[in-house]
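This report goes through one protein model a part at a time.

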Amino acid sequence: MTTLTADDLLYGYINGIFPMAEPDGTIYWYSPDPRAIIPIDSYKPHKSLRPVINKRTFEIRVDFDFEGVMHGCAAPRSQEDGTWISDDIIFAYTNLHKLGYAHSVEAYRENKLVGGLYGVSIGGVFFGESMFYKEANSSKVAFHYLIEILRANGYQLLDTQFINDNVLRYGAIEIPRTDYMEKLKKALQLNRKFLLNPPQTSSPKHSAF
């Protein structure tokens, strides 16, 4: 495949696969077994993060600068030679964002983007892709608000693909791919909207994993 499209991404996610780019730009699709997820209902912010949240150290915005977040996530990181987020991937996800499926949660300080994350929302599933930070705790606060958004709007599944030290701090667990596919199928049938402030008249229900 030479060009990654928004339709390719949608087809991949609903079938349990996702793309990553190699250093030469070649894109491969992955479906790990086991699969990493973060249980939405059991997440709790670390005690050290609570003062940062309560003091409103960062201003949180949603979908204000989606492409900026992607470029932040694609930037080289310490002790890493490259990134799996190629220009083709940025282009495809930005188009997916324009279609209303890809979203970013962003942390600002003095009106400057200093951290955030992005992912894909389909049905009652949020597929977390990547996060970055330029100031300590900024991405952690963005993740906290992501969880708040998912809970408020009744999402049932938060996919985080692979297990690593970063997602472990947020409570990630691994489940067999067959279990993941079952959860995915059920959650995709839900009609959910990725809203920072959902209407107060609605009280969406969500069930624990």
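M20 stands opposite Y28 in β2. Strand β1 covers residues 18-21 and β2 covers residues 27-30, and the two pair in the antiparallel sense over four bridges. Strands count as paired if DSSP finds at least two bridges between them. The elements themselves are DSSP runs, numbered from the N terminus: helices are H or I runs of at least four residues, strands are E runs of at least two. In general, strands of a sheet pair through backbone hydrogen bonds, either parallel or antiparallel. The model is predicted: local features need pLDDT of at least 70 and side-chain atom pairs count only at pLDDT 80 or more, while totals for chains, interfaces and linings use all residues. Residues are numbered from 1 along each chain as its sequence is written, and side-chain values use heavy atoms, with hydrogens and water left out.

In β1, F18 and M20 point one way and P19 and A21 the other way.

## The seven-stranded sheet

What is the order of the strands in the open sheet? The order is β4-β5-β6-β7-β8-β3-β9, with mixed pairing. The edge strands, β4 (59-62) and β9 (173-175), each pair on one side only. From one strand to the next the twist averages 35 degrees. Angles are taken between N-to-C directions and run from 0 to 180 degrees; the axes are lines fitted to C-alpha atoms, for helices over the stretch in contact.

β4 and β5 (residues 102-109) run antiparallel and are joined by four bridges. V62 has V105 in β5 as its bridge partner.

## Helix α3 on the sheet

Helix α3 (residues 66-74) packs on the sheet and touches β5, β6 (112-122) and β7 (125-133). Contact means heavy atoms within 4.5 Å. The direction of α3 makes about 100 degrees with that of β6. The buried residues of α3 are F66, V69, M70, G72, C73 and A74. Their cover includes α4 (87-98), β5, β6 and β7.

## Aromatic rings

The model has 12 aromatic pairs. Rings of Phe, Tyr and Trp (its six-membered ring) pair if their centres lie within 6.5 Å; planes under 30 degrees apart count as stacked, over 60 as edge-to-face and the rest as tilted. The ring centres of F66 and Y118 are 5.8 Å apart and the planes are at 80 degrees, so this pair is edge-to-face. Because F66 lies in helix α3 and Y118 in strand β6, the pair ties together parts that are 52 residues apart in sequence. F66 and Y118 are both buried. They belong to a cluster in which ring pairs link Y13, F66, Y93, Y118 and F127.

R61 lies over the face of F64, at 4.5 Å from the ring centre. The charged end of R61 also sits over the ring of Y108, 4.0 Å from its centre. A charge sits over a ring if NZ of Lys or CZ of Arg is within 6 Å of the ring centre and within 35 degrees of the ring normal.

## Two buried serines

S104 is found in strand β5 and is buried, with a relative accessible area of 0%. Its side chain makes a polar contact with the side chain of E106 (2.6 Å). A polar contact is a pair of N or O atoms within 3.5 Å; within protein, one must be able to donate a hydrogen and the other to accept it, and residues adjacent in sequence count only if both atoms are side-chain atoms. Not counting residues up to four places away in sequence, S104 touches residues including R61, V62, F66 and Y118.

S121 is in strand β6 and is buried at 8% relative accessible area. The side chain of S121 makes a polar contact with that of Y155 (2.7 Å).

## Backbone details

A cis peptide bond joins D33 and P34, with omega about 10 degrees. P34 is in the loop between β2 and β3 (35-37).

N111 and Q161 are not glycines, yet N111 has a positive phi of about 70 degrees, and Q161 has a positive phi of about 70 degrees. Is each of them buried or exposed? N111, in the loop between β5 and β6, counts as exposed at 58% relative accessibility. Q161, in strand β8 (residues 157-161), counts as buried at 5%.

Definitions and conventions. Buried means under 20% relative accessible area, exposed over 50%, partly exposed in between (1.4 Å probe, protein chains only).
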